[in-house]
Amino acid sequence: PVVTDFPLGSGSLISSYSSFIPTASTNPKAALKSKIVAEFRPQSLIDELLLYKRSEDQIELKEKQLSTMRVDVCSTETLKCLKGKGPR
């Protein structure tokens, strides 16, 4: 059997206890956290991390290339090429 008759006053008991539950509107930190969670877009984070990883890989590759090269530091043409401003 389903009980549909609640004792009188049980609604006021629940409403009196519900005022103790913190909500986003009463707690500014909770409001900020819920906003951050609501606005979180994992794909944009993934894209930025991939871009960062590619950049790190490029730096590592250039460092390896430079470490294996013998460079004449007196040659301005060589220095321009190293900086990426000269002909390749």
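A: Let's start with a term: a residue is buried under 20% relative accessible area, exposed over 50%, and partly exposed in between (1.4 Å probe, protein chains only). One thing to keep in mind is that this is a predicted model, where local features need pLDDT of at least 70, side-chain atom pairs count only at pLDDT 80 or more, and totals for chains, interfaces and linings use all residues. Residues are numbered from 1 along each chain as its sequence is written, and side-chain values use heavy atoms, with hydrogens and water left out.

That pLDDT is the predictor's confidence in each residue, from 0 to 100. The protein averages 75, with 62% of its residues at 70 or more. Helix 3 (residues 42–68) has the highest mean of the elements, 91, while helix 1 (residues 10–18) has the lowest, 58. Helices here are DSSP runs (H or I, at least four residues; strands are E, at least two), numbered from the N terminus.

Side chains of opposite charge can pair when their charged atoms come close. A salt bridge is counted when a side-chain nitrogen of Lys or Arg lies within 4 Å of a carboxyl oxygen of Asp or Glu, and that rule gives two of them.

One joins Lys 53 to Asp 57, with the closest N and O atoms 3.1 Å apart. Both belong to helix 3 and sit four residues apart, about one turn of the helix. Lys 53 is partly exposed because its relative accessible area is 47%, and Asp 57 is also partly exposed, at 35%.

The other pairs Glu 60 with Lys 64, and here the closest N and O atoms are 3.4 Å apart. These two are also four residues apart in helix 3, so about one helical turn separates them. Glu 60 has 42% relative accessibility, which means it counts as partly exposed. Lys 64, at 51%, is exposed.

Another lysine in helix 3 is Lys 62. Its relative accessibility is 48%, so Lys 62 counts as partly exposed. Follow the chain 20 residues from Lys 62 and you reach Leu 82, yet their C-alpha atoms are separated by 9.5 Å.
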